[in-house]
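Subject: Handing over a structure

Dear colleague,

Please find below the structure that I promised to pass on to you.

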Amino acid sequence: MVSALYAVLGALLLIKFSFDVVRMRLQYRVSYGDGGFSELQNAIRVHGNAVEYIPVALLLLLLMEMNGAETWMVHVCGLLLIAGRLMHAYGFHHRLISWRRSGMSATWSSLILMVLANLWYMPWELVFSLH
């Protein structure tokens, strides 16, 4: 399954972002919240934003593949998702709004494409079956 590749990449991103938060917490000796440190606030939001988008996107990607979407479509959506998350994180860390905006645009584009692909490839005869 092609979507497994993007599930692994998404999980690695989440792990990396989580480690960034833990590293900052240790550095600033903050157990709860952000302690008022902007660098820790940024790390928390990068991780939180990824947690908000990656799981649902991976679910859509898997369902899209299971519904019979073309392999190249799964790759396009998966690459767009991962690239979007990386661009967003880069822009957040470096305070580059254009990178954040591009990252969110790529993420939203991948989500919209996956929703449309799932609607197109959905086995409608099973959805509306009474059996």
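This is a predicted model: local features need pLDDT of at least 70, side-chain atom pairs count only at pLDDT 80 or more; totals for chains, interfaces and linings use all residues.

Residues are numbered from 1 along each chain as its sequence is written, and side-chain values use heavy atoms, with hydrogens and water left out.

The protein has five helices and zero strands, where helices (H or I, at least four residues) and strands (E, at least two) are DSSP runs numbered from the N terminus. Along the sequence this gives the pattern α-α-α-α-α, and the C-alpha atoms fill a box of roughly 60 × 30 × 20 Å along the principal axes. Of its 131 residues, 36% count as buried, a word that here means under 20% relative accessible area with a 1.4 Å probe and protein chains only. The protein exposes about 8,000 Å², and carbon and sulfur atoms supply 69% of that area, which was computed by the Shrake-Rupley method with a 1.4 Å probe. Among contacts (heavy atoms within 4.5 Å) between residues at least 6 apart in sequence, 63% join residues at least 24 apart.

Helix α2 covers residues 38–66, and its 29 residues should span 42 Å at 1.5 Å a residue, which agrees with the 42 Å between its end C-alpha atoms; the expected span is 1.5 Å times one less than the number of residues. After α2 comes glycine 68, whose phi is positive, near 105 degrees.

Leucine 61 has its place in helix α2, and it counts as buried because its relative accessible area is 0%. Not counting residues up to four places away in sequence, leucine 61 touches Ser3, Tyr6, Val74, Cys77, Gly78 and Met114. Leucine 61 and leucine 113 are 52 residues apart in sequence, and their C-alpha atoms are 9.7 Å apart in space.

Leaving aside neighbours within four places in sequence, aspartate 20 is in contact with Ala43 and His93.

With kind regards

Definitions and conventions. Buried means under 20% relative accessible area, exposed over 50%, partly exposed in between (1.4 Å probe, protein chains only).
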